[in-house]
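Here is a walk through one protein model, written for someone who would rather look at residues than read tables. Keep the viewer open and follow along.

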Amino acid sequence: MENISEYIEELRANPNVREKDLGDNISSFNFTKKAFRKGLWDKQTIKSRGLFIDVKENKIIARSFDKFFEERDKNGKTIEELQYPVTLFKKENGFLGITSGGKNGSELFIASKSSNQGIFRDMFLEILEAQVGLSMMSAMANYLYRNNLSAIFEVIDPERDPHIVEYHKPHLVLLALVENEIEFKQRPYAEVKWFADLIRVKPKQKVYTATTSDALCDYLVANLSKVGFEGFVMEDASGYMLKWKSPWYKIWKRYRSVLGNPYKQVEYWVDRGLDRSMVELIYDWGNHNQYGNIIDFRNWYEAQLDK
């Protein structure tokens, strides 16, 4: 699919895609909350995830991953349907930062989520400047522009944006180099590692390669009891992506919802399968700790178990 002007019209005609005017003729296109909530995935919504287009020049300025699904999600492939070998990478637990060479390669286009403005973009920029440096950022812009690429990062800031997994300092992880075209295509992992080394950041971590579906299932089962990590991103031989999230991560994410909703009744969470005593403990801890983050609660809770 090469005609970007036609694709822009398709995006604009889709009620489940939201366009945001960022100025300078650049629009971002992102799927709506309704599309996410109801699983309204089609050839427009699946690509509208950090997609930035110069709508005057009909040129993709930067882009992120296509929407990809969790293993066992009805919208994704099954493990048996993947093309082998399948490579597993550690899934980091931050937020996405997107960079490209912008309109002319003179400076980086820097964005997060659906915008090149706002608190998350600024957080990303601050860590990028601290870790990469201004002169290397200029070289990045030139390289990405000449090769028509976006560099996608996991942005980790444990102080200002804690999630579920505990980290100890702000840093970036380079996840992918993606071609600025409508059809999703990322550069080989070897190039990602080379580029990460060049700009002095960590590349995503390759952890396993499965040659059969049985081998992949065995590896996932072996990691069911592992703690302290979100999960894996799986990439098959065709480039198709799936994610697998650890049981540890899933339960602590649910407990984070409890901590973030102190006005809901305990029964609300119990009816949704959570342990009553743990919910009550979270509420009690939250009352005494200004409803801090779930990592602080978990550290306190585990310390009590060790006594």
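Tyr7 lies in helix H1 (residues 4-13). Helices (H or I, at least four residues) and strands (E, at least two) are DSSP runs, numbered from the N terminus. This is a predicted model, where local features need pLDDT of at least 70 and side-chain atom pairs count only at pLDDT 80 or more, while totals for chains, interfaces and linings use all residues. Residues are numbered from 1 along each chain as its sequence is written, and side-chain values use heavy atoms, with hydrogens and water left out.

Is Tyr7 buried or exposed? With 1% relative accessibility, Tyr7 counts as buried (buried means under 20% relative accessible area, exposed over 50%, partly exposed in between, with a 1.4 Å probe and protein chains only). Tyr7 and Asn116 are 109 residues apart in sequence, and their C-alpha atoms are 22 Å apart in space.

Strand E1 (residues 17-21) and strand E2 (residues 26-31) run antiparallel and are joined by five bridges. Two strands pair if DSSP finds at least two bridges between them. Lys20 stands opposite Ser28 in E2. Four residues sit between the strands of this hairpin, and Gly23 takes a positive phi near 90 degrees.

E3 and strand E4 (residues 59-62) also make an antiparallel pair, over three bridges. Here Ile53 faces Ile60 in E4. The hairpin of E3 and E4 has four residues between its strands, and Asn58 in the turn has a positive phi of about 55 degrees.

## The five-stranded sheet

Further along, five strands form an open sheet with mixed pairing, in the order E8-E7-E9-E10-E11. Its edge strands are strand E8 (109-112) and strand E11 (202-203), each of which pairs on one side only.

Within the sheet, strand E9 (residues 149-156) and strand E10 (residues 171-179) are antiparallel, with eight bridges between them. One spot to look at is Phe153, whose bridge partner in E10 is Leu174.

## Aromatic rings and charges

The structure holds 24 aromatic pairs. Rings of Phe, Tyr and Trp (its six-membered ring) pair if their centres lie within 6.5 Å; planes under 30 degrees apart count as stacked, over 60 as edge-to-face and the rest as tilted. The Trp41 and Phe69 rings have centres 5.8 Å apart and planes at 65 degrees, so this pair is edge-to-face. The pair links distant parts of the chain, 28 residues apart: Trp41 is in the loop between helix H2 (33-38) and strand E3 (51-54), and Phe69 is in strand E5 (residues 69-70). Both Trp41 and Phe69 are buried. Tyr219 and Phe232 make a tilted pair, 5.6 Å centre to centre with 45 degrees between the planes. Tyr219 belongs to helix H6 (residues 213-222) and Phe232 to strand E13 (residues 231-235), so the pair ties together parts 13 residues apart in sequence.

Ring pairs also link Trp252, Tyr255, Trp285, Phe297, Trp300 and Tyr301 into a cluster. The charged end of Arg298 sits over the ring of Trp252, 5.4 Å from its centre. Lys204 lies over the face of Phe89, at 4.2 Å from the ring centre. To count, NZ of Lys or CZ of Arg must be within 6 Å of the ring centre and within 35 degrees of the ring normal.

## The largest pocket

Which residues lie nearest the centre of the largest pocket? They are Phe31, Phe36, Arg49, Lys67 and Lys243, out of 48 lining residues. (On a 1 Å grid over the protein atoms alone, a pocket is an open set of points where a 1.4 Å probe fits, with protein on both sides within 12 Å along at least five of seven lines; lining residues have an atom within 4 Å of a point.) Elements giving two or more residues to this lining include E2, H2, E5 and helix H7 (247-259).

Pro247 lies in helix H7. Pro247 is partly exposed, with a relative accessible area of 36%. Its C-alpha is 6.4 Å from that of Leu224, although Pro247 and Leu224 are 23 residues apart in sequence.
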